[in-house]
Amino acid sequence: MLKVKYGVAGDPSIEMGVDVCLMVRDVSKRFGDRVAVDGVSFKVHRGEIYGLLGPNGAGKTTLLSMIAGILEPDSGEISIDGLNALDPKTRGRVGYCPQEPIVYDNLTGLENMMFYAGLHGLSGGHVKQRCRELLDQMGLGEYASRKVKTYSGGMKKRLSFAITLIGEPELLLLDEPTTGMDPRIRRSVWESILRLKEEGKTIILATHYMEEADELSDRVAIMDLGKVVAEGSPEDLKNRYGPKAVIDVELSKPATDPEAMIEEVKPYASEGRVMCRNGELRVHVDDPDIVAPKIVSELVRMGVGLKTLKITTPTLEDVFLRLTGRRLIEG
Amino acid sequence: MMWSAIKAFIVKELKLTFRSKASIFWIIAWPAIWLLMTAYVFVPPATGQPMTLKVGVVNYDVGSTSPFNGTTLIQILNESEYKGAKLFQVKVYENETPMLEDIRRGRLDGGFTIPEGFGENIIFGQARLKVYVGARSLQSAQIAESILRGFIQGLNNGISMRKVNETLRYIEIYSEKYMPKNLTIPVAGNRSWLDFMRDWMIGLASPINVSFQDVKPKAFVERSSILGWYTFGAIGMSLLYSGLIIGSTMAVREKEAGTLRRILASPATSTDMLVGKTLSGLITLGIMSAIIVILGVYPCGAKIIWNPMNPAHWLAIILLILVSIMVIGIGMILSLIARTTESASNLSVVLGLMLAFIAGIWFPKSWLPTWMKFLADIFPATWAIDGMRSALVYGATAAELMPTFLKVLAAATISYLIGIIAYKKTLRRYVVA
């Protein structure tokens with residue numbers, strides 16, 4: 001049986017520099033026969049936003065649950081500021097925002113905040129004031145005394161985000177914080193996350209949106225099937241694993257035989273990486289100036305209508321495709 | 001343990017409980033319905049008062065010239081009283097057919113058919129009388145026959161004594177003429193012949209001169225005490241299903257709401273949650289019990305004794321707390337098999353009501369068949385509820401209550417400890433799910 005070892009302050013066996021807030025070393029977790037997290041290791045520096053990018057089922061939520069002290073790893077170490085992640089005192093340093101906006105519908109926004117404040121050991125007259133401030137920050141001040149069942153989905157999500165901040169945590173674990181949000185609210189949540197980083201918080205952001213990871217993260221770990229397959233800053237990852245360029249072709253009408261179209265374009269693509277989805281063709285290329293006209297003529301020859309053609313730089317989605325052979329969001 | 005977390009759980013649980021219509025129904029409406037129904041249907045305000053039976057009479061002895069005849073009997077029926085209340089309300093019929101029809105339809109508690117020659121025969125021989133026993137209501141069905149038999153017995157004795165006295169009057173007249181003076185009977189203590197004959201004939205008519213005296217404890221027969229008994233029955237019943245719901249849904253409710261992971265990610269521990277939820281459950285059950293007592297005493301008229309200086313009464317309150325802890329513990333054990341809030345609640349209600357009905361909590365043990373009596377004898381909740389009844393309705397002392405207290409304390413400790421093991425196991429299962 002594997003022995004789980006947690007970090008202890010002052011333990012010389014643990015490399016814990018002053019700038020390291022979280023250390024995850026060789027952590028594994030399995031549920032029955034399924035391996036959810038498989039030997040994952042990484043360090044998160046204080047004050048950075050660390051993205052965990054991967055599709056649904058990659059093991060991000062399980063990993064966050066172990067960092068939050070909800071689940072115990074089968075093996076490996078997790079330490080926060082050199083302390084055991086399962087210790088209730090350590091959990092006070094962590095703010096966990098689950099994927100779903102889980103709040104009590106029959107309590108008001110303020111009552112929900114007060115409940116979680118109590119769980120963080122906060123009491124006294126100033127707590128209500130602190131809760132109101134956080135609700136104001138999230139734009140929920142005027143709805144504080146309304147039952148949550150009257151809130152919209154976006155309001156619940158913001159309340160959930162405010163609850164995460166109630167214990168003034170040093171480390172924030174945000175699990176898919178913008179899933180299901182419309183672009184405007186998503187943008188406002190991003191701004192809140194960046195503001196928290198400016199305040200010196202360390203943030204781990206689990207997401208399957210590559211734009212989110214790209215926009216917000218200082219460093220990203222790409223996860224697939226329970227493993228970290230690559231780690232680095234978004235630019236670094238794109239330089240290391242991405243193609244030189246990407247050609248996006250918007251089709252005016254869907255191809256009658258998409259498979260045949262992909263086969264025809266493949267010879268021009270870098271490592272044969274061509275994707276077709278929702279009337280769009282995406283081709284990884286090494287020399288766009290040379291291959292773009294060839295791809296266009298090939299498509300014209302096949303009778304495929306073109307609407308627009310763009311030559312862009314690669315994204316983390318392209319990195320993920322390169323590393324796993326699959327797209328982040330299949331569809 | 002973190003007090004602020006425990007307090008947060010208590011406040012949250014109480015708010016959620018008392019904002020839920022379903023909870024309000026089970027905590028207040030359901031016991032209130034049972035208690036009011038009991039007070040005004042099964043133990044109506046006249047309970048404990050002498051009952052008046054509605055009887056029919058068919059008199060074929062009309063026109064009899066005997067000093068005691070059918071008409072005299074009807075008059076006696078009309079004038080009979082017990083403890084100041086009329087014993088019978090008499091309806092006279094022309095013939096038996098409509099009277100029997102009314103008895104069969106439950107309109108009469110019984111009926112008498114007085115045959116022709118009843119008056120003649122009662123004076124000179126043995127008269128016949130037909131008595132029909134019916135049932136007009138649930139209450140009268142149980143006692144109509146005994147009242148009718150008691151009445152006929154009394155009537156028989158009365159008529160016998162009248163006949164004996166009449167006969168003795170003639171014996172006295174004729175013994176003056178035909179019997180020797182100063183004749184005594186040695187085997188009867190040398191009593192005079194006339195005294196001996198008087199005692200002998202009275203003994204023939206009524207060998208035992210019985211005197212009944214009503215010394216029943218008021219607590220067992222007064223309506224207010226009966227309702228006191230049922231008030232604690234309502235507390236026991238509500239406490240069983242509510243306590244089981246509180247225990248069985250302790251973890252699953254948070255799991256289904258999705259809040260469990262967030263709670264476990266906070267500095268609060270699963271023990272804080274257990275303690276907070278148990279305490280909020282005890283407060284809820286305490287409020288529920290207080291409401292039931294108020295309903296029992298005021299609209300229903302139950303008699304419940306409360307004297308803050310009486311240690312037995314405080315022991316009864318501790319019994320209430322212990323039985324609540326015990327039932328919450330059993331609920332936590334149920335959470336091992338009931339894996340959704342709905343199934344846990346349904347199972348708790350069914351089990352709670354069933355136990356209340358078959359374990360002597362709602363129905364008196366004396367009404368139950370043998371196997372249910374056995375269940376009532378070994379079920380700790382029944383011990384606790386009976387203990388509360390004995391102290392707060394029948395006035396038992398603290399010393400009398402102590403054995404019950406010790407037994408319930410042991411049962412509560414064991415079931416809550418097993419419940420904690422089940423709760424921890426359930427939490428582990430939900431966290432990895």
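This is a predicted model: local features need pLDDT of at least 70, side-chain atom pairs count only at pLDDT 80 or more; totals for chains, interfaces and linings use all residues.
## An open sheet in chain A

Four strands of chain A make an open sheet, ordered β2-β1-β4-β5, with antiparallel pairing. Its edges are β2 (34-45) and β5 (83-84) of chain A, each of which pairs on one side only. A word on terms: strands (E, at least two residues) and helices (H or I, at least four) are DSSP runs numbered from the N terminus, and two strands pair if DSSP finds at least two bridges between them.

Further in, β1 (residues 20-31) and β4 (residues 75-80) of chain A pair in the antiparallel sense over 5 bridges. Ser28(A) sits opposite Ser75(A) in β4(A). Helix α1 (residues 60-67) of chain A lies across β1, β2 and β4 of chain A, at about 120 degrees to β1(A). That angle, on a scale from 0 to 180 degrees, is between the N-to-C directions of lines fitted to C-alpha atoms, for helices over the stretch in contact.

Residues are numbered from 1 along each chain as its sequence is written, while chains are lettered from A and ligands numbered from 1 in the order in which they are written.

For chain A, the mean pLDDT (the predictor's confidence in each residue, from 0 to 100) is 86, and 93% of the residues reach 70 or more. Over residues 1-18 of chain A, though, pLDDT is below 50; that stretch still has 29 contacts in the model beyond near neighbours in sequence. A contact here is two residues with C-beta atoms, placed from the backbone, within 7 Å.

## Chain A overall

Chain A has 11 helices and 14 strands, and its C-alpha trace spans about 75 × 50 × 40 Å along the principal axes. Of its 331 residues, 46% count as buried, that is, with 20 or more other C-beta atoms within 10 Å of their own, C-beta atoms being placed from the backbone.

## Where A meets B

The contact takes 27 residues from chain A and 24 from chain B. On the chain A side, α2 (88-91), β6 (94-97) and α3 (109-119) each give two or more residues, and α3(A) has the largest share, 5 residues.

## A covered helix in chain B

Helix α16 (residues 380-392) of chain B is mostly covered, with 12 of its 13 residues buried. Among them are Trp383(B), Ile385(B) and Met388(B).
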